[in-house]
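Please look over the sequence and the model below before reading on. The report then goes through the chain part by part.

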Amino acid sequence: MKRIIYDYQNPHIVGKAKGSLKLGRVIVCIVIVALAVALIYILFFRKSGYRCNAKEYFVAVEGRYQTEAEANKAASVLRSKGGGGYIVNDGEYVVIAAAYEEEADAIKVANRYSYA
């Protein structure tokens, strides 16, 4: 058991390990530098966005609309019926029910839904 000696005239602990303060400063500096490097990487070097492999997809389209409000209304109705209700803007707003790899699957879905 280590003995701790107190000096009541000058309150401090006698026998404190030397060098522990320097080691603490080094550790704090390393952590700060690591956080700064991580932040710089996230802000400048990390790729933003997602890439879709070049592949052909077939979609069942619910309809095309001139305004975003009309497309949102149609998409919400489609979602309530169990469809995807995705909105794509390519000059006009296109509401997509679902996307498939096979054309036959997209045609089956398009024929099954009543979009009225």
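## Contacts along the chain

In this predicted model, 55% of the contacts in the protein chain with a separation of 6 or more are between residues 24 or more positions apart.

## Helices and strands

The protein chain contains three helices and five strands. Their order along the sequence is β-β-α-β-α-β-β-α.

## Surface and burial

The protein chain has 116 residues, and 17% of them are buried. Its accessible surface is about 10,100 Å². Carbon and sulfur atoms account for 60% of that surface.

## The nonpolar core

Which residues make up the largest nonpolar core? There are ten: Ala 60, Tyr 65, Ala 71, Ala 74, Ala 75, Leu 78, Tyr 93, Val 95, Ala 97 and Val 109. Two or more residues of this core come from each of strand S3 (58–65), helix H2 (68–80) and strand S5 (93–100). H2 gives the largest share, four residues.

Apart from neighbours within four places in sequence, Ala 71 is in contact with Tyr 65, Ile 87, Tyr 93 and Val 95.

## The salt bridge

How many salt bridges does the structure hold? There is one. Arg 64 and Glu 92 form this salt bridge, and their closest N and O atoms are 3.4 Å apart. Arg 64 is in strand S3, whereas Glu 92 is in the loop between strand S4 (86–89) and S5, so the pair ties together parts that are 28 residues apart in sequence.

Is Glu 92 buried, partly exposed or exposed? The relative accessible area of Glu 92 is 23%. Buried means under 20% and exposed means over 50%, with partly exposed in between, so Glu 92 counts as partly exposed.

## A nonpolar patch on the surface

Nonpolar side chains also occur on the surface. Leu 39, Ile 40, Tyr 41, Ile 42, Leu 43, Phe 44 and Phe 45 form a nonpolar patch there. Together these residues have about 800 Å² of accessible area.

Phe 44, one of the patch residues, is located in helix H1 (residues 20–45). The relative accessibility of Phe 44 is 63%, so Phe 44 counts as exposed. Glu 92, by comparison, is partly exposed.

Technical notes. Residues numbered from 1 in each chain as written. Predicted model: local features only at pLDDT ≥ 70, side-chain atom pairs only at ≥ 80, totals over all residues. Heavy atoms only, no water. Patch = residues over 30% accessible without salt bridge, like charges linked within 9 Å, V, L, I, M, F, W, Y side chains within 5 Å. Areas by Shrake-Rupley, 256 points an atom, 1.4 Å probe, with all protein chains shown as cover. Salt bridge = Lys/Arg side-chain N within 4 Å of Asp/Glu carboxyl O. Buried < 20%, exposed > 50% of the residue type's maximum accessible area, 1.4 Å probe, protein only. Contact = heavy atoms within 4.5 Å. Core = buried A, V, L, I, M, F, W, Y, C linked by side-chain atoms within 4.5 Å.
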